[in-house]
Amino acid sequence: GRAVVFGPHTTNFRTDVELLLRERAAVLVADANELGTVVASLCEDPLARQSLGERARSVIASNRGATVRTLDRLRSMLGAP
């Protein structure tokens, strides 16, 4: 439930980043200067900070269990018990 801010190097978790950005649940910054600006803005605006955090929490909650669902689907496709 916290505001999520990250930089441009997100190759290892690109799908998660796209999901968070699509749902306006995170802020992508280009560099340290922009990071400072965004963090200062969030510190000054508790409502924006809370809203961003709540959207992030919602995105994560709605995607919980994805590993189990994927494994169940693979088991059914492979005929595994």
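Buried means under 20% relative accessible area, exposed means over 50%, and partly exposed lies in between, with a 1.4 Å probe and protein chains only. The model on screen is predicted, so local features need pLDDT of at least 70 and side-chain atom pairs count only at pLDDT 80 or more, while totals for chains, interfaces and linings use all residues. Residues are numbered from 1 along each chain as its sequence is written, and side-chain values use heavy atoms, with hydrogens and water left out.

Select Thr 10 to begin, in the loop between strand 1 (5-6) and helix 1; helices (H or I, at least four residues) and strands (E, at least two) are DSSP runs numbered from the N terminus. Thr 10 has a relative accessible area of 3% and therefore counts as buried.

Next, select Phe 6, Val 17, Leu 19, Leu 20, Ala 25, Ala 26, Ala 56 and Val 59, the eight residues of the largest nonpolar core, that is, a set of buried Ala, Val, Leu, Ile, Met, Phe, Trp, Tyr and Cys residues joined through side-chain atoms within 4.5 Å. Helix 1 (14-22) and helix 3 (46-62) each give two or more residues to this core.

Finally, select Ile 60 in helix 3, which is exposed because its relative accessibility is 52%.
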